[in-house]
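Work through the exercises below with the model open. Try each task before reading its solution.

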Amino acid sequence: MPCYSLDGLRPVVDPTAYVHPTAVLIGDVIIGPGCYVGPLASLRGDFGRIVLEEGANLQDTCVMHGFPDSDTVVERNGHVGHGAVLHGCRIGADSLVGMNAVVMDNARIAERCIVAATAFVKAGFECAPQSLIMGAPAVVKRSLGDGELAWKARGTEEYQALARRCLASLVPCEPLTAVEAERPRPGDSGFRPKPEGSA
């Protein structure tokens with residue numbers, strides 16, 4: 001992976017974490033055990049500190065950055081969907097940030113929350129635990145139910161398993177020129193999107 005020391009600060013990646021070779025880590029970046037960092041993610045610890053705590057995932061094309069002397073943190077088992085931007089904020093334990101959402105400086109997403117896809121969370125935003133956060137600007141819509149929290153937890157477990165799969169078997173290769181007969185599919189864990197109309 002492109003990994004850069006800046007001002008003597010080198011990124012730290014736990015050996016049980018998986019960071020895709022195209023993700024970029026710069027300076028004061030700390031990635032904890034069992035984390036997954038997807039392709040083309042950018043973790044820029046050139047002004048503030050960037051932290052992924054144990055079991056967190058940061059998916060494809062996500063950006064984490066912050067102002068000087070800030071911490072941008074995804075706490076334990078946090079889940080950050082494709083294309084999200086986190087800037088100088090804190091995402092609480094067991095929370096999910098949806099695809100293409102933006103969470104701004106000094107915002108604090110409490111534990112067990114879901115930030116909906118494409119939400120824009122303004123600087124300084126705060127919420128209670130177990131909140132569903134939606135809109136631009138984002139507001140708390142309601143409390144989450146146990147079923148929604150269980151679905152989120154299952155999705156995060158899928159990414160923790162993906163980190164282990166990638167560490168064990170992801171290797172560069174040349175593409176085939178044709179689809180082979182009886183082509184196998186990736187293993188099916190049974191995890192599916194939530195039904196339409198749910199969080």
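Two residues are in contact when heavy atoms lie within 4.5 Å. By that cut-off, residues 24 or more positions apart account for 14% of the protein's contacts with a separation of 6 or more. The model is a predicted one.

**Exercise 1. Overall form**

Task: Find why the radius of gyration agrees with a compact globule.

Solution: 
- Start with the chain length: the protein has 199 residues.
- A compact globule with 199 residues would have a radius of gyration near 16 Å.
- The protein has 17 Å, so the value agrees.
- Finish with burial and surface. Of the 199 residues, 45% count as buried. The accessible surface comes to about 10600 Å², and 56% of it belongs to carbon and sulfur atoms.

**Exercise 2. Strand β4 and its partners**

Task: Is β4 mostly covered or mostly uncovered, and which residues stand opposite its own?

Solution: 
- Strand β4 covers residues 24-31; six of its eight residues are buried, so it is mostly covered under the 20% relative-area cut-off.
- β1 (3-4) pairs with β4 in the parallel sense over two bridges. Tyr 4 stands opposite Ile 26.
- β2 (12-13) also runs parallel to β4, joined by two bridges. Val 13 has Ile 31 as its bridge partner.
- β6 (42-52) pairs with β4 in the parallel sense over seven bridges. Leu 25 has Leu 43 of β6 as its bridge partner.

**Exercise 3. A loop asparagine**

Task: Where is Asn 100, and with which residues is it in contact, leaving aside neighbours within four places in sequence?

Solution: 
- Asn 100 is in the loop between β13 (96-97) and β14 (102-103).
- Leaving aside those neighbours, Asn 100 is in contact with His 82, Gly 83, Ala 84, Thr 118 and Ala 119.
- Check a distance: Asn 100 and Val 80 are 20 residues apart in sequence and 9.4 Å apart in space, C-alpha to C-alpha.

Definitions and conventions: Residues numbered from 1 in each chain as written. Predicted model: local features only at pLDDT ≥ 70, side-chain atom pairs only at ≥ 80, totals over all residues. Heavy atoms only, no water. Rg over C-alpha atoms; globule rule 2.2 N^0.38 Å. Buried < 20%, exposed > 50% of the residue type's maximum accessible area, 1.4 Å probe, protein only. Areas by Shrake-Rupley, 256 points an atom, 1.4 Å probe, with all protein chains shown as cover. Pairing = 2+ DSSP bridges.
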